[in-house]
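This report goes through one protein model, section by section. Please have the sequence and the structure open while reading.

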Amino acid sequence: MLLIFTHKITNRLTYTARQVFERILGIEISFTTKVEDFIRHVGPKMTYSKQPLQNEFFIRSNDLLFEQGINDLHIKVMDWEGVPCFFSCGEKSSIPYDIFSASFFLLSRYEEYLPHVKDSVGRFPAKESVAYQNKFLELPVVDLWAYKLLAVLKERFPDLQHGKKSYTFTSIVNVTTSHCYALRGFARSLGGFFLELGNFRFRSMVKRISVLLGIKKDPYDNFYELIEIHKKFPIKSMFFFQFAKYSAHDKNVSPNNNKFRYLIKSVADYSIVSLSTSFLSSTDKIVLKEEKKQLGNLINRPISYSRLRYNRVNVPSTYRNLIETEFTDDFSMGYTQEIGFRAGTCTPFYFYDINMEVRQPLKVHPFALYDYALLEYKSKQEVFEVMDRVYRQVKEVNGEFIMVFSNELLGGNHKIDWLEIYQSFLKRYYV
């Protein structure tokens with residue numbers, strides 16, 4: 001066991017240290033504020049405070065983990081042997097940066113509590129983040145810092161015992177529009193037809209008619225193909241279905257449609273199925289609870305996992321709503337248009353509510369890729385270059401590589417065959 005001496009044990013400190021040591025590095029830890037207990041301890045130990053006691057392993061603490069609430073912070077990102085880092089420690093410290101404060105800043109999404117201008121659908125913009133502005137969004141820096149700390153600790157304590165978590169790969173299919181033309185009812189189909197006619201989209205009109213007449217299959221209805229692809233690889237796959245009423249932001253098939261309901265039940269026979277929340281339910285607990293209940297009743301399983309419409313995580317309110325409606329895990333922590341790690345990590349972590357200063361029981365699973373972030377790339381080669389780069393970073397720290405694809409992109413008409421690329425990703429990254 002690693003003993004950590006500090007001048008004050010706070011919720012922020014225990015939350016961050018347990019994430020770094022226990023969940024990332026597999027090292028058991030305990031804390032003390034008593035000097036005599038620290039001196040008496042014969043195993044590995046370290047001090048996290050303003051001053052060292054003697055000659056021990058020492059990390060000089062920033063004030064962040066001993067404060068409460070939100071304060072303006074000056075973030076100056078510098079280099080630590082090739083890895084970006086911030087919160088410099090000074091010369092006495094055994095490592096040059098306070099990685100606990102830096103990790104807490106990213107994991108808690110501290111910067112998202114600070115004043116910022118939201119985008120058109122109410123999200124925290126990637127370009128406002130420290131990671132984007134300092135060009136380390138593609139790096140799981142919290143995990144990289146943890147392993148750098150481990151290396152320095154092993155120099156001081158060669159017998160330090162630590163576990164080793166395994167790299168995992170999870171593929172998520174996000175279904176907010178299950179069908180492009182089919183199952184949409186007479187009024188919506190007729191409205192779509194006249195809209196295409198008015199915009200001279202004759203190819204789309206022909207496709208719509210072909211699907212409605214049963215001549216062709218709906219392009220977005222690729223669920224059974226995806227299930228067959230998933231069977232080829234020993235991967236964890238998950239389907240998140242929107243199960244909500246029609247609105248300006250939510251235009252999926254009606255949850256009362258029997259063919260749609262049968263589709264969801266069929267997919268649930270082969271894969272994990274959970275809820276992709278509607279735009280309204282991300283801010284309305286009553287609607288969220290109803291969507292969760294209805295989908296659970298359909299598949300005869302409790303719904304514990306969530307994905308938020310547009311990845312619209314607004315801390316802390318969004319996560320509080322998920323907790324109050326008894327979700328246990330969320331898979332929305334990432335950016336829609338940017339590849340990388342919104343919370344600076346590829347290891348699942350628990351949500352820390354800064355306003356309440358407590359770790360909440362909601363586990364957050366950060367994703368590295370949302371498929372629409374790849375649309376800016378012009379060729380398969382460019383797509384694989386950026387994906388290989390992120391994959392190597394995750395594999396290096398034995399993290400969880402989560403990617404999110406929509407059935408829309410996989411079934412849409414694009415210059416690049418995204419379904420083929422998706423299958424190549426599974427083959428390439430599942431191990």
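Helices here are DSSP runs of type H or I with at least four residues, strands are E runs of at least two, and both are numbered from the N terminus. The two side chains form a salt bridge whose closest N and O atoms are 2.9 Å apart. A salt bridge is counted when a side-chain nitrogen of Lys or Arg is within 4 Å of a carboxyl oxygen of Asp or Glu.

Asp37 is partly exposed at 29% relative accessibility, whereas Arg40 is exposed at 56%. Buried stands for under 20% relative accessible area, exposed for over 50%, and partly exposed for what is in between, with a 1.4 Å probe and protein chains only.

## Basis of the model

The model is predicted, so local features need pLDDT of at least 70 and side-chain atom pairs count only at pLDDT 80 or more, while totals for chains, interfaces and linings use all residues. Residues are numbered from 1 along each chain as its sequence is written, and side-chain values use heavy atoms, with hydrogens and water left out.

## Other salt bridges

The count of salt bridges comes to 17. One of them joins Lys50 and Asp63, with the closest N and O atoms 2.9 Å apart. This pair links distant parts of the chain, 13 residues apart: Lys50 is in the loop between E3 and E4, and Asp63 is in the loop between E4 and strand E5 (78-80). Lys50 is partly exposed at 29% relative accessible area, and Asp63 is partly exposed at 42%.

Arg109 and Glu111 form a salt bridge with an N to O distance of 2.7 Å. Both Arg109 and Glu111 are buried. They belong to a network of salt bridges that links Arg109, Glu111, Glu112 and Arg342.

## The four-stranded sheet

Four strands form an open, parallel sheet in the order E2-E1-E3-E4. Its edge strands are E2 (29-32) and E4 (57-60), each pairing on one side only. From one strand to the next, the twist averages 25°. Strands count as paired if DSSP finds at least two bridges between them.

Strand E1 (residues 2-5) runs parallel to E2 and is joined to E2 by 4 bridges. Leu3 has Ser30 as its bridge partner in E2. Helix H1 (residues 11-24) lies across E1, E2 and strand E3 (45-49), at about 150° to E2. Such angles run from 0 to 180 degrees between N-to-C directions, with axes fitted to C-alpha atoms, for helices over the stretch in contact.

## The nine-stranded sheet

A second open sheet has 9 strands in the order E12-E13-E11-E10-E9-E8-E7-E15-E14, with mixed pairing. Strands E12 (349-353) and E14 (369-370) are the edges, and each pairs on one side only. Helix H14 (residues 418-429) packs on this sheet, touching strands E7 (168-175), E14 and E15 (400-406), and its direction makes about 165° with that of E15.

Within the sheet, strand E10 (residues 305-307) and strand E11 (residues 329-330) pair in the parallel sense over 2 bridges. Ser306 has Asp330 as its bridge partner in E11.

Trp80 lies in strand E5 and is buried, at 5% relative accessibility. Beyond its neighbours within four places in sequence, Trp80 is in contact (heavy atoms within 4.5 Å) with Cys85, Ile95, Pro96, Tyr97, Ile99, Trp145, Lys148 and Leu149. Pro96 is 16 residues from Trp80 in sequence, and their C-alpha atoms are 7.6 Å apart.

## Backbone exceptions

Most residues other than glycine have a negative phi, and most peptide bonds are trans. Phe87 has a positive phi, near 70°. Phe87 lies in the loop between strand E6 (83-85) and helix H3 (99-107) and is buried, at 8% relative accessible area.

Asn300 also has a positive phi, of about 55°. Asn300 sits in the loop between helix H10 (285-299) and E10 and is exposed, at 65%. The peptide bond from Val315 to Pro316 is cis, with omega near -5°. Pro316 is in the loop between E10 and helix H11 (317-324).
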